[in-house]
Amino acid sequence: MRRILLSAAKILISAALLYLALRKVDLSELFSRFTVTSLFWIGLAIAVTFLQIFVGVLRWRQVSAECGAPLELARAMRYNVIGTFFNQTLPSAIGGDAVRLWLVARAGAGWRAATYSIFVDRAIGLIALAIVIVASLPWSYALIADPHGRSALLLVDLAALAGGLGFLVFGALKWRWLKTWWATHHLHACAVIANRVIFSRARGPAVVILSLTVHVLTVVSAWCVVQSIAAPVSFGNVFLLIPPVMLITMMPISIAGWGVREATMGLAFGFAGLATNEGVNVSLLFGAVSFIVGAVGGLVWILSAEKAAQGSAPLGAPE
């Protein structure tokens, strides 16, 4: 009953925020801006999104190997693409992570190693996103003149950065009770692994570069969407506005980020002195690109060996 109520609440939040955001959009005017060139840019955005997934796969393989759950490249790519489908269908922006965890555990890695690999991978991605936003703050402040917008940006980013750095500091602590007390044992183990991955001479540089590349590709995909409707928004604007929006969209309070992304994007564009409706337009098309990629992931899931064996393969796996 609790899960049903939580899912219903997320659906209502998405619907309410989408309704409020769409009130600022003239859909007929938006569709009138589509041309053959628009299809090229949307196709390019889809291609960039798949490239982003691939780069994420490369990072995840580095993390999962450190967690004792090594993954073949093709298998990891398949799992990540399938995850995009469940990100669009489950009542959370991180629903695909749960499915990836399930798939890795079923493949024989064990539930603990699978959980650690997903959690650490997500944590490293969040830290990288917070760092990107912090590094761009001087330019963001120049773009966003509204004091409320500046305060909101600073608050959200510092909260994410503090959480990420606190997580790494937590992993550096040597107190013995952290490894034995049930409430801290697994979190501390994940933090230790994150430190090993990030500060490793062998894996660290690659993981850092891959993590930053993932977020840059998100910006590039959004830029392609901007070009598809010839919105009067520069690449610099997109680079400064998209990462904070993505950070807020990661909050698991809606269905696949719908509603939250549109409301936040419209607000961000308004704070930056840009047309609010253009922010919502870009967000809707960006969401459509994600939906198309997720649909491909659904097809991969339907045709996958994991789907065919889900009723017969054992769910348990050695730790």
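**First stop: H6 and H10**

Helices H6 and H10 are oblique to each other, a word for any angle that is not under 35 degrees (roughly parallel), over 145 (roughly antiparallel) or 65 to 115 (roughly perpendicular). This is a predicted model, in which local features need pLDDT of at least 70 and side-chain atom pairs pLDDT 80 or more, while totals for chains, interfaces and linings use all residues. Numbering starts from 1 along each chain as its sequence is written, and side-chain values use heavy atoms, without hydrogens or water.

Select residues 111-135 for H6 and residues 185-198 for H10. Helices here are DSSP runs (H or I, at least four residues), numbered from the N terminus. The two axes come within 9 Å and cross at roughly 60 degrees. Axes are lines fitted to C-alpha atoms over the stretch in contact, with angles from 0 to 180 degrees between N-to-C directions. The crossing is right-handed: the near helix is turned clockwise from the far one by less than a right angle.

Now show side chains. From H6, pick Arg112, Tyr116, Phe119, Val120 and Ile124. They meet a set in H10 that includes His185, His186, Leu187, Cys190, Ile193 and Val197. Contact means heavy atoms within 4.5 Å. By class, the contact of H6 with H10 has 11 nonpolar, 2 polar and 1 charged residues. Asp, Glu, Lys and Arg count as charged, Ala, Val, Leu, Ile, Met, Phe, Trp, Tyr, Cys and Pro as nonpolar, and the others as polar.

**Second stop: H3 and H14**

Select H3 (residues 36-66) and H14 (residues 276-303). Their axes come within 10 Å and cross at roughly 60 degrees. That angle makes H3 oblique to H14. H3 passes H14 in a right-handed crossing. On H3, colour Ile42, Ala45, Ile46, Thr49, Phe50 and Ile53. On H14, colour Val289, Ile292, Val293 and Val296. The residues of this contact divide into 9 nonpolar, 1 polar and no charged.

Move to Leu27, in helix H2 (residues 27-32). Leu27 is partly exposed at 39% relative accessible area (buried is under 20%, exposed over 50%, partly exposed in between; 1.4 Å probe, protein chains only).

Which residues touch the most other members of the largest nonpolar core? Select Trp60, Val104, Val233, Val238, Leu241 and Ile242, from a core of 57 residues. H12 (residues 235-249) gives the most to this core, with 7 residues. A nonpolar core joins buried Ala, Val, Leu, Ile, Met, Phe, Trp, Tyr and Cys through side-chain atoms within 4.5 Å.

Centre on Val238. Beyond neighbours within four places in sequence, Val238 is in contact with Val219, Ala222, Trp223, Val226, Val233 and Pro243. A second, separate core has 19 residues, among them Ala123, Ala191, Ala194 and Val207.

Stay on H12 and pick Asn237. Is Asn237 buried or exposed? At 14% relative accessibility, Asn237 counts as buried. With neighbours within four places left aside, Asn237 is in contact with Leu143 and Leu274.

Find Ser140 in helix H7 (residues 137-143). Ser140 is buried, at 2% relative accessibility. Not counting residues up to four places away, Ser140 touches Leu153 and Leu240.

Finish at Ala230, in the loop between H11 (204-228) and H12. Its phi is near 50 degrees, a positive value in a residue other than glycine. Ala230 is exposed, with a relative accessible area of 61%.

Methods: Helices (H or I, at least four residues) and strands (E, at least two) are DSSP runs, numbered from the N terminus.
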